[in-house]
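Please read the following note with the sequence and the coordinates at hand. It is set out as numbered points.

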Amino acid sequence: MGSQEVLGQAARLASSGLLLQVLFRLITFVLNAFILRFLSKEIVGIVNVRLTLLYSTTVFLAREAFRRACLSGGAQRDWSQTLNLLWLTVPLGVFWSLLLGWVWLQLLEVPDPNVVPYYGAGVVCFGLSAVVELVGEPFWVLAQAHMFVKLKVLAESTSVILRSVLTAFLVLWLPHWGLYIFSLAQLFYTTVLVLCYVIYLIKLLRSPESTKQQTLPVSRITQLLPSITRSRAFVNWKEAKLTWSFFKQSFLKQILTEGERYVMTFLNVLNFGDQGVYDIVNNLGSLVARLIFQPIEESFYIFFAKVLEREKDATHQKQEDVAVAAAVLESLLKLALLTGLTITVFGFAYSQLALDIYGGAMLSSGSGPVLMRSYCLYVLLLAINGVTECFTFAAMSKEEVDRRKGEVLWISFYINKTLMASDQTGSIGGTRREENWGNRKKEGETLQPPPGQAACKDAGKPPAMWQGIDL
């Protein structure tokens with residue numbers, strides 16, 4: 001497959017992913033904004049920070065390195081060995097799920113059951129959902145490697161919408177279920193996601209006249225299962241070594257990517273309510289990154305991995321392929337910079353209005369607008385980083401990947417030291433204002449409380465789990 005053909009497929013994958021994700025995300029955006037008005041900050045903090053961190057950490061550690069290693073390389077490979085390697089993500093996911101589940105239940109602070117009930121069940125279900133999603137990993141990699149343009153977007157968008165619909169229904173009709181609501185919705189999401197890939201590939205393999213079916217390296221669905229033969233090794237050891245290199249890199253990258261959530265979870269620098277507000281602002285601010293930058297990064301990582309050869313210098317590769325890759329990288333960087341600057345400029349002006357429309361006074365008062373403005377600047381850096389990272393990881397050799405993990409370690413250490421200081425400053429701007437209000441109150445001044453902080457005799461009591469429900 002020539003570089004121009006790969007580029008065309010990558011461009012179609014990115015554009016289709018972008019358009020479909022915008023459509024489906026708008027639907028889930030409306031559903032989540034509706035659900036948010038019936039939840040307290042505490043339960044949002046537990047679900048979106050602590051339980052989601054358990055799920056994302058398990059999935060990331062179990063599969064990220066395998067994805068990057070198995071998506072690299074050309075078509076000349078033994079796919080049975082690649083699939084065997086991918087199936088190792090399932091037992092690895094079980095291990096991480098059990099280990100992290102024990103940490104979440106035994107070592108971390110357990111929320112008040114009167115405010116957030118069924119916390120233990122939530123930990124079990126979110127860990128189980130991670131293992132369920134890993135079962136579909138071989139199907140996902142096979143589909144991505146063969147440029148099935150719309151399958152990924154349709155599968156993920158369908159599962160996200162159905163999860164939001166189920167959550168909204170349970171919140172309205174069974175609010176006393178507590179974390180059972182979000183646990184069932186998460187399990188439902190991962191099950192639907194895996195079934196979409198499995199059903200699609202089964203139907204595709206049963207239609208031999210399909211042109212896509214002829215490009216697949218398997219002819220029966222059973223060939224996607226693990227297989228052991230005496231004639232060859234169980235896995236491709238070159239891919240396995242590359243996976244280990246990416247695992248060491250991804251372990252540090254996960255700490256860097258989710259650093260603020262680890263700090264909030266393990267150091268308790270913010271209470272569950274503040275964590276909830278922070279996470280809502282973080283998700284809203286990263287919406288553009290997920291809608292625009294993530295599809296581009298995932299699609300063009302495949303393009304760069306197919307066009308460039310890892311172990312060869314640029315001077316020893318086809319100059320036509322190198323020129324195409326360089327031109328594509330330049331265009332992507334210009335697009336990322338232009339988009340990021342636009343978001344930064346308009347985000348500073350309309351952050352408070354956007355938060356008020358999305359979540360009401362719970363978000364638009366206090367520290368929410370300042371956090372949102374800060375995140376708009378962060379999106380600009382995310383845009384440039386995502387493009388350069390997808391190119392770098394697709395072009396680096398195993399030795400270069402190993403060397404880079406030291407750089408990421410120092411960056412991660414610096415950022416997390418900065419985040420640990422939030423026990424003194426709180427979230428940007430707003431918490432310091434509340435602390436100053438508290439200190440001045442002790443000195444005897446008569447003051448009005450800052451926005452978002454109630455001045456009543458019951459202010460010290462934990463808020464109800466659900467707010468605004470009228471059934």
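1. Basis. The model is predicted: local features need pLDDT of at least 70, side-chain atom pairs count only at pLDDT 80 or more, and totals for chains, interfaces and linings use all residues. Residues are numbered from 1 along each chain as its sequence is written, and side-chain values use heavy atoms, with hydrogens and water left out.

2. Salt bridges. A salt bridge is taken as a side-chain nitrogen of Lys or Arg within 4 Å of a carboxyl oxygen of Asp or Glu. The whole structure contains ten salt bridges. One network of them links Arg63, Arg67, Glu133 and Glu137.

3. Arginine 63 and its partners. Glutamate 133 and arginine 63 form a salt bridge, N to O, of 2.8 Å. Glutamate 133 belongs to helix H5 (residues 119-135) and arginine 63 to helix H2 (residues 41-71), so this pair ties together parts 70 residues apart in sequence; helices are DSSP runs of H or I, at least four residues, numbered from the N terminus. Arginine 63 also forms a salt bridge with glutamate 137, where the closest N and O atoms are 3.9 Å apart. Because glutamate 137 lies in helix H6 (residues 137-145), that pair ties together parts 74 residues apart in sequence.

4. Buried means under 20% relative accessible area, exposed over 50%, and partly exposed in between (1.4 Å probe, protein chains only). Arginine 63 is buried at 13% relative accessibility, and glutamate 137 is buried at 1%. Glutamate 133 is buried as well.

5. A further pair. Glutamate 258 and arginine 261 meet through their side chains in a salt bridge of 3.1 Å, N to O. Glutamate 258 is buried, with a relative accessible area of 13%, and arginine 261 is buried at 10%.

6. Helix H12. The 14 residues of H12 (residues 272-285) should span 20 Å at 1.5 Å a residue, and the end C-alpha atoms are 20 Å apart, which agrees; the expected span is 1.5 Å times one less than the number of residues. Twelve of the 14 residues are buried, among them Phe272, Tyr278 and Leu284.

7. Cysteines. With a disulfide defined as a pair of cysteine sulfur atoms within 2.5 Å, the count is zero. Cysteine 70 is buried at 0% relative accessibility, and cysteine 125 is buried at 15%.

8. Alanine 383. This residue lies in helix H16 (residues 368-395) and is buried, with a relative accessible area of 1%. The C-alpha atoms of alanine 383 and glutamine 294 are 9.1 Å apart, although 89 residues separate the two along the chain.

Notes: Helices (H or I, at least four residues) and strands (E, at least two) are DSSP runs, numbered from the N terminus.
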